[in-house]
Amino acid sequence: MTFSLLGRCARTGQFGAAVTTSSIAVGTRVPFLAAGVGGVLTQHRTDPRLGPRGLDLLRSGCSAREAIDALVASTPHHRWRQVAVMDRTGATAHFDGANVKPARSVAHGVDVVALGNILANEDVAPAMAAAFLAASGQPLAERLMRALEAGEAAGGEHGDVTSACLVVVDRECFPYVDLRIDKDPAPLPALRRLWEEYAPLADGFVRRAVDPDDAPII
């Protein structure tokens, strides 16, 4: 019962992911990102080991499709996995195992891939991708947030979501944004509020790390 997306900002080179699900701590298990490298989503009977493995494949020079093929070949339980990859160019690929439960939904677009399982309907991922593309002038985190909200508006899960996360990487080894909501009856409105509070502070936290002599008081 998860829907999610990977996105890239061609202007800044940022990569990001947004995810929501019915179980706790989705931010620790589904999205994996590396600055200048790309991202991986691993869900449905989730195997978090596929995230770091996928990033290593991307670092080695694999394309998104090559990374997906290698991940599928490397796990004996691929029939239970739903995985998406985005490489450094913004190219995307995904895999749906035979045992991934319906309704499934996947959509690819320029610099975006959205997917989900055990959804209310198959319109969820296309709605997410469309919202991401329609907000092209916005910061990447905002585009991802709008896409997640569009997925919920299109029907979302076949059940209630309780956790959500929003993650963006930029130039540093630490995330530019890493926000999580857990065990909340309305995690997307809560994540929206958290993002709107964090947005004006994000650049300041980076400056505190790289240029503490000229860093803002936060």
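The crossing of helix α1 and helix α2 is right-handed (the near helix is turned clockwise from the far one by less than a right angle). This is a predicted model, where local features need pLDDT of at least 70, side-chain atom pairs count only at pLDDT 80 or more, and totals for chains, interfaces and linings use all residues. Residues are numbered from 1 along each chain, and side-chain values use heavy atoms, without hydrogens and water.

Two packed helices are described by the angle between their axes and the distance between the axes. Axes are lines fitted to C-alpha atoms, with angles from 0 to 180 degrees between N-to-C directions. Helices are DSSP runs (H or I, at least four residues).

| Helices | Axes come within | Crossing angle |
|---|---|---|
| α1 (residues 50–59), α2 (residues 64–74) | 9 Å | roughly 135° |
| α3 (residues 124–134), α4 (residues 140–153) | 7 Å | roughly 150° |

The α1 angle makes α1 oblique to α2. α3 and α4 are therefore roughly antiparallel. The cut-offs are under 35 degrees for roughly parallel, over 145 for roughly antiparallel, 65 to 115 for roughly perpendicular, and oblique for the rest. α3 also passes α4 in a right-handed crossing.

Contact means heavy atoms within 4.5 Å. In α3, residues including Val124 and Phe132 meet residues of α4, Leu140 and Arg143 among them. By class, this contact has 11 nonpolar, 1 polar and 2 charged residues. Ala, Val, Leu, Ile, Met, Phe, Trp, Tyr, Cys and Pro count as nonpolar, Asp, Glu, Lys and Arg as charged, and the others as polar.

The whole structure has 0 disulfides (pairs of cysteine sulfur atoms within 2.5 Å). The sulfur of Cys165 is 19 Å from the closest cysteine sulfur, in Cys9, too far for a bond.

Conventions
Helices (H or I, at least four residues) and strands (E, at least two) are DSSP runs, numbered from the N terminus.
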